[in-house]
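This report describes the helix packing, the core and selected residues of one protein model.

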Amino acid sequence: MKFILNNKEYELDLFDVDVMENYETATLNSAEKMIEMGKSEDKCQKLSDVMKIGCDIIFHFFDNVFGKGASENIFDGKRNYKLCLKTYKECNEQYKKFAVKNLPEELNPILSNLGNKQNYINARKKKMKKYKAKNEMNVVQHS
């Protein structure tokens with residue numbers, strides 16, 4: 001699958017089980033770190049500290065998914081928090097399109113045999129809603 005990140009193209013074979021597992025792990029890890037950052041008792045005194053931590057989390061995500069040094073290439077060596085958030089969101093939107101449209105179709109033989117295709121799709125939607133709700137609640141509490 002081709003990902004367009006900050007107007008640059010990156011290839012990622014999400015049908016490769018190891019690549020998919022790595023993507024999912026990196027996504028969960030970055031989400032957990034962002035949530036932890038919001039809940040942290042050790043609040044940063046400066047907004048720039050929060051922005052640096054946020055950029056670091058997103059850089060770590062891209063380096064884990066696309067390879068060491070990918071974040072440097074994606075962001076041209078810049079640490080712009082708004083650009084980091086925008087690019088991270090774009091990446092996740094592109095992944096969702098793949099997972100919702102392509103993956104169930106490719107998994108159809110397995111899921112149909114198990115009678116679980118709709119359960120799989122519903123579980124993914126439920127997981128995403130739960131994740132979004134948790135993040136929105138966290139943002140509201142710390143705004």
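In this predicted model, the axes of α1 and α2 approach to within 9 Å and cross at roughly 170°. Angles over 145 degrees count as roughly antiparallel, so α1 is roughly antiparallel to α2. By class, the contact between α1 and α2 comprises 10 nonpolar, 6 polar and 1 charged residues. On the α1 side, the contact is formed by N22, Y23, A26, T27, S30, K33, M34 and M37. Their counterparts in α2 are V50, I53, G54, I57, I58, H60, F61, N64 and V65.

**Overall architecture and confidence**

The secondary structure amounts to 5 helices and 2 strands, arranged from the N terminus as β-β-α-α-α-α-α. Of the 143 residues in the protein, 29% are buried. Among contacts between residues at least 6 apart in sequence, 65% join residues at least 24 apart.

The mean pLDDT of the protein is 82, and 73% of the residues score at least 70. Among the elements, α3 has the highest mean pLDDT (96), whereas helix α5 (residues 117-141) has the lowest (64). The pLDDT falls below 50 over residues 139-143, a stretch that has 3 contacts in the model beyond near neighbours in sequence.

In soluble globular proteins, nonpolar side chains tend to be buried together. Here, the largest nonpolar core contains 25 residues, and those with the most contacts inside it are F3, Y23, F62 and F66. At least two residues of this core come from each of β1 (2-5), α1 (17-39), α2 (47-66), α3 (70-74) and α4 (81-114). One of the residues with the most contacts inside the core, F66, touches F3, L5, Y10, L12 and C91, with residues up to four places away in sequence left out of the count. Y23 has a part in the helix pair as well, as one of the α1 residues that meet α2.

**Individual positions**

| Residue | Relative accessible area | Class |
|---|---|---|
| A70 | 8% | buried |
| Q94 | 17% | buried |
| D76 | 49% | partly exposed |
| N7 | 76% | exposed |

A70 lies in helix α3. Its contacts, apart from neighbours within four places in sequence, are with Y10, F62 and D63. Y10 is 60 residues away from A70 along the chain, yet the C-alpha atoms of A70 and Y10 are separated by 9.5 Å. Y10 is also one of the residues touched by F66.

Q94 belongs to helix α4. The residue counts as buried because its relative accessible area of 17% is under the 20% cut-off. Apart from neighbours within four places in sequence, Q94 is in contact with M1, K2, F3, I4 and L5. Two of these contact partners, F3 and L5, are also touched by F66.

Most residues other than glycine have a negative phi. N7 has a positive phi near 65° and lies in the loop between β1 and β2 (8-11). D76 is likewise not a glycine, and its phi is about 55°; D76 is placed in the loop between α3 and α4. N7 is exposed, whereas D76 is partly exposed.

Notes: Residues are numbered from 1 along each chain as its sequence is written. This is a predicted model: local features need pLDDT of at least 70, side-chain atom pairs count only at pLDDT 80 or more; totals for chains, interfaces and linings use all residues. Side-chain values use heavy atoms; hydrogens and water are left out. A nonpolar core is a set of buried Ala, Val, Leu, Ile, Met, Phe, Trp, Tyr and Cys residues joined through side-chain atoms within 4.5 Å. Buried means under 20% relative accessible area, exposed over 50%, partly exposed in between (1.4 Å probe, protein chains only). Helices (H or I, at least four residues) and strands (E, at least two) are DSSP runs, numbered from the N terminus. Contact means heavy atoms within 4.5 Å. Axes are lines fitted to C-alpha atoms, for helices over the stretch in contact, and angles run from 0 to 180 degrees between N-to-C directions. Angles under 35 degrees count as roughly parallel, over 145 as roughly antiparallel, 65 to 115 as roughly perpendicular and the rest as oblique. Ala, Val, Leu, Ile, Met, Phe, Trp, Tyr, Cys and Pro count as nonpolar, Asp, Glu, Lys and Arg as charged, and the others, Gly among them, as polar. pLDDT is the predictor's confidence in each residue, from 0 to 100.
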